[in-house]
Amino acid sequence: TLSNATIIGNKSTSPYEGAVSIDSTSPVSNSIIMNNGGQVAFAMTFPQITNSVLDIKENGNLVTRFHKTDTNVDMESYTQNDIFIDPTSNNYRLKENSPVINKGNNAQYDTSISKDLDGNARIQGWKIDLGAYEANGFGVKYNSNGATLGEEPVDFKLYKGSDSATI
């Protein structure tokens with residue numbers, strides 16, 4: 001079983017050239033497996049996929065696509081820069097508006113793992129995010145409109161999932 005994993009920069013030395021070797025009956029869910037030395041996510045066997053972003057070959061080209069299941073695949077392709085804050089510095093936290101936020105399947109989430117790699121609650125929105133990190137707070141740009149009641153949020157403050165501001 002592979003759940004909520006982020007696998008990047010892994011390269012197989014086997015002649016089958018797949019970033020991950022896994023049994024075809026093993027489930028892979030809510031995961032991101034991409035940019036692994038030009039290799040597809042899985043070599044010889046294709047496991048049971050649920051809501052994961054994977055590198056696959058199409059017409060001889062490597063593309064990264066969202067797989068709702070192993071046969072239900074979105075046509076839009078993604079790059080690391082679409083998904084992560086700063087992949088060139090190995091920062092694989094999800095960026096604001098990342099296409100993998102709230103893209104997971106809560107039924108496939110291992111509830112015994114309640115925190116992500118940063119120690120934040122595993123589900124921040126209505127659905128679990130893909131990969132090892134849960135999106136947790138984003139900057140807010142506030143433009144005053146003359147309102148006199150409530151708090152005035154701080155411009156460009158990082159508001160986390162548990163923070164609030166009344167406007």
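**Figure 1. The aromatic pair of the predicted model.** One aromatic pair is counted in this structure, where rings of Phe, Tyr and Trp (its six-membered ring) pair if their centres lie within 6.5 Å, and planes under 30 degrees apart count as stacked, over 60 as edge-to-face and the rest as tilted. The pair consists of phenylalanine 84 and tyrosine 92 and is edge-to-face, with 5.1 Å centre to centre and 85° between the planes. Phenylalanine 84 and tyrosine 92 are both buried; buried means under 20% relative accessible area, exposed over 50%, and partly exposed in between (1.4 Å probe, protein chains only). The model is predicted, and local features need pLDDT of at least 70, side-chain atom pairs count only at pLDDT 80 or more, and totals for chains, interfaces and linings use all residues. Residues are numbered from 1 along each chain as its sequence is written, and side-chain values use heavy atoms, with hydrogens and water left out.

**Figure 2. The chain as a whole.** Read from the N terminus, the order of the elements is β-β-β-β-β-β-β-β-β-α-β-β-β-β. The chain has 167 residues, of which 39% count as buried. Among contacts (heavy atoms within 4.5 Å) between residues at least 6 apart in sequence, 39% join residues at least 24 apart. The chain exposes about 9500 Å², and carbon and sulfur atoms supply 47% of this area, as computed by the Shrake-Rupley method with a 1.4 Å probe; for residues, only the protein chains shown count as cover.

Figure 3. Strand 7 (residues 48–58) and strand 8 (residues 61–69) run antiparallel and are joined by eight bridges; two strands pair if DSSP finds at least two bridges between them. Glutamate 58 stands opposite asparagine 61 in strand 8. The two strands form a hairpin with two residues between them, and asparagine 59 in the turn has a positive phi of about 50°.

**Figure 4. Strands 8 and 9, with valine 73.** Strand 8 also runs antiparallel to strand 9, to which two bridges join it. The hairpin from strand 8 to strand 9 passes through three residues. Arginine 65 stands opposite serine 77 in strand 9, and histidine 67 stands opposite valine 73. Valine 73 belongs to strand 9 (residues 73–77) and counts as partly exposed because its relative accessibility is 25%. Leaving aside residues up to four places away in sequence, valine 73 touches Arg65, Phe66 and His67. Valine 73 and asparagine 51 are 22 residues apart in sequence and 9.4 Å apart in space, C-alpha to C-alpha.

**Figure 5. Lysine 103 and the ring of phenylalanine 66.** The charged end of lysine 103 sits over the ring of phenylalanine 66, 4.6 Å from the ring centre. A charge sits over a ring if NZ of Lys or CZ of Arg is within 6 Å of the ring centre and within 35 degrees of the ring normal. Phenylalanine 66 is also one of the residues that valine 73 touches.

**Figure 6. The surroundings of asparagine 36.** Asparagine 36 lies in the loop between strand 5 (32–33) and strand 6 (40–42). Asparagine 36 counts as buried because its relative accessible area is 0%. The side chain of asparagine 36 reaches the backbone nitrogen of glycine 9 at 2.9 Å. Residues up to four places away in sequence aside, asparagine 36 touches Ile7, Ile8, Gly9, Asn10, Ala19 and Asp55.

Figure 7. Asparagine 30 has a phi near 55°, a positive value in a residue other than glycine, and lies in the loop between strand 4 (27–29) and strand 5. Asparagine 30 counts as buried because its relative accessibility is 0%. Asparagine 90 is likewise not a glycine and has a positive phi of about 60°. The loop between strand 10 (84–86) and strand 11 (91–94) holds asparagine 90, which counts as exposed because its relative accessibility is 57%.

How values were computed:
Helix = DSSP H or I, 4+ residues; strand = E, 2+ residues; numbered from the N terminus. Polar contact = N/O pair within 3.5 Å; in protein donor to acceptor, adjacent residues only side chain to side chain.
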